[in-house]
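User: I would like to go through this model with you, starting at one end of the chain.

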Amino acid sequence: MGDFAFVQTPRQDPAKKPADERAREFTEIYAKFDMEAAKLQADRCLNCGNPYCEWKCPVHNYIPNWLQLIVEDRIHEAADLSNRTNTLPEICGRVCPQDRLCEGACTLNTGFQAVTIGALERFISEEALARGWQPTLPDIQPSGKRVAIIGAGPAGLGCADILNRNGVEAVVYDRYPRVGGLLTFGIPEFKLEKDVMQRRAALLEEMGVKFVLNTEVGRDVLLEDLLKEYDAVFMGMGTYTYKQGGFPGENLPGVYAALDFLVGNVRHNLDLSQENTPFVSMAGKRVVVLGGGDTAMDCTRTSIRQGAESVICAYRRDEVNMPGSRREVSNAREEGVQFLFNRQPVEIVGTDRVEGVRMVETRLGEPDARGRCRPEVVPGSEEIIPADAVIIAFGFDPSPAPWFADFGIELDERGRVKTNEQFQTSNARIFAGGDMHRGSDLVVTAVDEGRRAAEGILEYLEV
Ligand code: FAD
Ligand code: SF4
C-alpha cells in the first residue's frame, strides 16, 4: 500500500481471548498476528527520517527497518536484525509497556494511533522460528577469555549474549532451577508463557552460552572461587526485598507479599517444589491488592484466575498516575478487577486473621522532586474495606548480598550497586547491571544494561 497506508489501515492489535475465557486460564491472552495482518500493520509505519520509537526503545531496536522487512516478507532478515539489538525480542514484544516506550513515541500518535510495534516484534521471532530460522552468529574467534555471570534474568542473559557473540565464554549461574529470573519466577503465564522463555534459553545454549542452575553464589559456590576461575564476573542478581507499608496488621495471617504469592502460583503451575514460597489459593476469597504497578496487576489477575470471589486493587494516586502499563490495567478491568483510586491503607484489621483494610481517601497535592503529585489525606474519609486476603505490592528495594563488602563492591545510599559508565563496580573485575544496579525497573532496561556491561567487560579484557 505504501506511503500513506496508515490512512486506510487502522491500528489493529492481535486478537485477544474473551475476558470470561481468559479469567479461567493461565495462558497468554493475545494471539499471534497472521502474515497478512502483520504486513498490513507493519506497512502503517511512516518510516520517519528520525524515528523517535528507536530512540525511546531502551535497546534502540531498528524498528522501521524490521517493519519494512515484514512488509517485504523477508522474515529471516527481520529476525536477524531484531535479534542483533535485543537478546529477548519475542519476550519484550510481549511484556514491555509499549505505551510508555516505543509506541508512545510513534509519530502516528498524532491522530492515527501508533504502529503495533510490540506485537510485530513478537511476530518476527515467532514467525521466523516457525519457518526454521536459527540465530546466526558472526564467525566467532574464541578469545580464550571466560566470564562468570551471576543471575539468569534479563540482565544476565543480555550480558551473556554479547560476550558469547564476541568469543568470550559466558557461564551463567542461577540459584533457581530454570533460566529467566523474574520472567520465569515472577511474571505470570497470561503475560508470558513459560515455554517461550525455555525456548529462548535453549537458543542461547545452542549459541554457546552455558548455564549452571540450582547454584547460589555465596552458598553453593563462592565469589572468591569465581574470581579465581574466570577473567571477570557480571552480577545481574535483581532486587528482592519487598517494600512494606509500615502500618499495623501487616503480619496478620491472610496478608501476603506479592512476589511470594506469584512465585508460589507459578511453581504450583510448573509442578516445582513450593517449599519456600507456598502455594496460596484465593478461591472463594475477597481479595484486596495494595499497590498500582505491574506486580499489583499480576496479583489481581492471578487471584481472578484462581477463582477469587472479588478482587479490589487499591492505589493511592489516580488512574493517570498509576505506574503500571495501561494495557495491563485495562486487561485487569475487563477480567473483573475493581479499582479504588486515591485510597491509602492505614491499617490491616482483624482479630486472628485479616478481616479488612482501613483506608483513607487521598487527593493529589503538590508535585514531589520527581514531578509526581504527592497524595494528601482527605479528613474524615476513613472506611474499612472487607477482605479475606490482602496482597501487598508496593514494589521492591535492593537486596545486596552481605558478602559484597568483602570484595569492595560499593553501594549507593539506597543499596544499589554503584558502577561507572562501563558498568564496572568499585572492584575492577566485577561488573553489575539490571535491577540490582538501577533499582527495580523493566525487562528491556535490564537487557540493555546487561548488554552494555558486556561491552564494558570486552573493553576491560581487551577482546
Ligand atoms: P531478575 O529478573 O530478578 O533476575 C535475577 C536473577 O538472579 C534471578 O534468577 C535470581 O535467582 C538470580 N540470583 C540472585 N542472587 C543470586 C545468587 N546469589 N546466586 C545465583 N543466582 C542469583 N517488567 C516489564 O518490562 N514488563 C512487565 O510486565 C513486568 N512485570 C513484572 C511483574 C512482576 C511480578 C515483577 C516482580 C516484575 C515485573 N517486571 C516487568 C520487572 C522485570 O521483571 C525486572 O525489571 C527484570 O526481570 C529485572 O531483570 P534482572 O536480570 O535485573 O533481575
Ligand atoms: Fe518497544 Fe520494548 Fe520492543 Fe523496544 S524492546 S521496540 S520498547 S517492545
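User: Where is Glu462 placed?
Analyst: Glu462 is in the segment after H16, helices (H or I, at least four residues) and strands (E, at least two) being DSSP runs numbered from the N terminus. This is a predicted model, in which local features need pLDDT of at least 70, side-chain atom pairs count only at pLDDT 80 or more, and totals for chains, interfaces and linings use all residues. Residues are numbered from 1 along each chain as its sequence is written, chains are lettered from A and ligands numbered from 1 in the order in which they are written, and side-chain values use heavy atoms, with hydrogens and water left out.

User: Is Glu462 buried or exposed?
Analyst: Glu462 is exposed, at a relative accessible area of 72%. Buried means under 20% relative accessible area, exposed over 50%, and partly exposed in between (1.4 Å probe, protein chains only).

User: What is the phi of Glu462?
Analyst: The phi of Glu462 is near 55°, a positive value in a residue other than glycine. Most residues other than glycine have a negative phi. Phe423 also has a positive phi, near 70°. Phe423 sits in the loop between strand E15 (396-397) and strand E16 (430-432), and is buried, with a relative accessible area of 5%.

User: Changing topic: which residues come nearest to ligand 1?
Analyst: Val95, Asp174, Lys191, Val217 and Tyr240 come nearest, out of 33 residues around ligand 1. A residue is near a molecule if one of its heavy atoms lies within 4 Å of it.

User: What polar atoms lie by its oxygen atoms?
Analyst: A polar side-chain atom of Asp174 is 2.6 Å from an oxygen atom of ligand 1. For Lys191, a side-chain N or O atom is 2.8 Å from an oxygen atom of the ligand. From Gly236, a backbone N or O atom lies 3.5 Å from an oxygen atom of ligand 1. Of the 1,000 Å² that ligand 1 exposes when taken alone, the protein buries 97%; accessible areas come from the Shrake-Rupley method with a 1.4 Å probe, and for residues only the protein chains shown count as cover.

User: Why does ligand 1 lie between domain 2 and domain 3?
Analyst: Domain 2 (146-239 + 398-461) and domain 3 (242-395) both give residues to the shell around ligand 1, so ligand 1 lies between them. The domain bounds come from an automatic or database domain assignment.

User: Now ligand 2: how many residues surround it?
Analyst: Ligand 2 is surrounded by 13 residues, the closest being Cys57, Asn61, Cys96, Cys102 and Glu121. By class, nine are nonpolar, three polar and one charged.

User: Last topic: which residues touch the most other members of the largest nonpolar core?
Analyst: Leu67, Ile70, Ile149, Leu163 and Ile457 do, in a core of 75 residues. H16 gives the largest share of this core, nine residues. Domain 1 (5-130) and domain 2 (146-239 + 398-461) both contribute residues, so the core lies between them. A nonpolar core is a set of buried Ala, Val, Leu, Ile, Met, Phe, Trp, Tyr and Cys residues joined through side-chain atoms within 4.5 Å.

Terms used: A polar contact is a pair of N or O atoms within 3.5 Å; within protein, one must be able to donate a hydrogen and the other to accept it, and residues adjacent in sequence count only if both atoms are side-chain atoms. Ala, Val, Leu, Ile, Met, Phe, Trp, Tyr, Cys and Pro count as nonpolar, Asp, Glu, Lys and Arg as charged, and the others, Gly among them, as polar.
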